[in-house]
Amino acid sequence: MADILDYMKSQEYFVSIRIWKRLLGLSAHVARTESESNWSTVHRCCRALISYEDFPKKFNERLLLLGLLASEKIRDPQLAADLICHSSTQTSSEHGMDSMRWPKVVTSNARVAISPKTYMKAIKLCIDSGFPAQGERILRHCYQINLPPKVLSDMYAMVLAGYVQNGDTKNVENLFYNVKSRSITPSEAMYAAYLHHLGANKKHEEVMSVLNSMLNGCNNDDVMPGISCFSSSILSAIKSRNYEDVLTLEKMMQEKGLEHNASTLQGVLIANARLGRSLDILDVIDTALRSKSPMDSSTFMLCLKYLIPEITDKCGCDIEAIRTYLRSQVESNPGISHEAMELSKSLKNCAREDGRKSSKINSHGMGEKNRNLAWRSAVRDAVYLSKVLRRSP
């Protein structure tokens with residue numbers, strides 16, 4: 001395919017857009033079924049197509065999605081932004097403003113019909129590649145067309161999170177305040193990203209101020225903090241070593257009826273440990289187990305560190321080393337053999353579930369559920385083992 005493309009480029013006669021489209025489709029098929037390296041040819045075809053003045057009239061969403069896939073494979077987010085911004089202008093009101101219906105973007109001059117879902121895919125590609133500026137370029141384009149406010153708000157949140165991840169303070173501030181100037185209601189995810197940015201820059205007082213203004217309805221947007229905002233705020237308190245604030249934030253969460261996620265649970269455990277409240281640590285873990293809070297490997301390791309520090313001191317975070325140590329304790333300390341063996345089995349199950357992350361079952365949400373269940377079981381067995389150890393002479 002690449003040889004054909006080089007030959008076409010070397011000829012003096014005009015190559016029609018129809019031929020480029022045909023080559024793009026064939027190259028994508030070869031890339032998908034035979035050789036991943038052929039995505040570079042798809043990439044070159046897209047670049048050639050964009051140069052045509054009548055490109056928007058001859059393109060369609062299927063080819064656009066192939067172009068976005070090529071952008072992802074070649075890691076060229078600028079191509080994704082170029083394709084989007086050359087392909088559409090305004091949105092159809094066929095489905096009104098209901099973002100859940102994903103209305104198509106169409107124009108009177110026959111430009112490409114693009115679903116907001118495709119816009120979101122393009123922005124995510126830019127963010128994942130580490131180029132939020134290209135995502136913002138698509139966002140600015142989307143603001144000029146009649147997309148549903150909820151979709152625009154979600155797009156803003158994605159780009160904001162991208163700038164936060166890059167530590168781009170100036171653009172985080174500009175984009176966050178640009179939202180309200182455009183009369184777009186911020187989402188909870190957007191506030192969470194902004195709070196994370198403030199916390200990462202050790203501006204904990206501002207974090208608490210923004211969170212309290214949300215709780216008190218002072219922002220005129222009716223957005224109340226959810227678990228994401230509290231997670232960012234607790235992380236901020238940990239970074240600034242305001243451990244009492246962590247416990248205050250946990251109390252605020254409880255008053256709002258919010259349950260822990262893995263991040264907030266870890267923050268509360270760290271705060272109690274730093275404040276020397278060892279008994280409270282066990283209460284926090286027991287409560288999290290009863291409420292079936294999400295847990296992962298890092299949550300387990302933190303719990304194990306505070307429950308049975310001699311294990312993590314000896315084995316670190318190596319699951320197999322921990323299992324080996326537990327099996328040795330079964331032989332040398334019969335009084336804890338049952339609990340030690342149960343924890344070893346639970347960790348084996350955790351390793352198996354973590355190894356299934358790329359399997360098909362995970363695409364239906366079952367993988368995450370099974371991993372949470374496995375790690376909760378491991379934490380529960382660690383609690384049982386710690387209680388037996390405390391009773392042992």
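Predicted model: local features only at pLDDT ≥ 70, side-chain atom pairs only at ≥ 80, totals over all residues.
**Exercise 1.** Classify the ring pair of F176 and Y191, and locate both residues.

*Solution.* A pair of aromatic rings is described by the distance of the centres and the angle of the planes. The centres of F176 and Y191 are 5.6 Å apart and the planes stand at 70°. Centres within 6.5 Å make a pair, and planes over 60 degrees apart count as edge-to-face; the pair of F176 and Y191 is therefore edge-to-face. F176 lies in helix α10 (residues 169–181) and Y191 in helix α11 (residues 188–200), so the pair links parts of the chain 15 residues apart. Both F176 and Y191 are buried.

**Exercise 2.** Classify the ring pair of F176 and Y194, then name the aromatic cluster that contains F176.

*Solution.* F176 and Y194 are 3.9 Å apart, centre to centre, with 5° between the planes. Planes under 30 degrees apart count as stacked, and this pair is stacked. Here too helix α10 is linked to helix α11, across 18 residues. The cluster consists of F176, Y177, Y191 and Y194.

**Exercise 3.** Describe the largest nonpolar core and the contacts of M155.

*Solution.* The largest nonpolar core has 114 residues, and M155 is among those with the most contacts inside it. Helix α9 (residues 149–166) gives the most to this core, with 10 residues. Beyond its neighbours within four places in sequence, M155 is in contact with P116, Y119, M120, I123, L139, C142 and L147.

Technical notes. Residues numbered from 1 in each chain as written. Heavy atoms only, no water. Core = buried A, V, L, I, M, F, W, Y, C linked by side-chain atoms within 4.5 Å. Buried < 20%, exposed > 50% of the residue type's maximum accessible area, 1.4 Å probe, protein only. Helix = DSSP H or I, 4+ residues; strand = E, 2+ residues; numbered from the N terminus. Contact = heavy atoms within 4.5 Å. Phe/Tyr/Trp six-rings, centres within 6.5 Å; stacked < 30°, edge-to-face > 60°.
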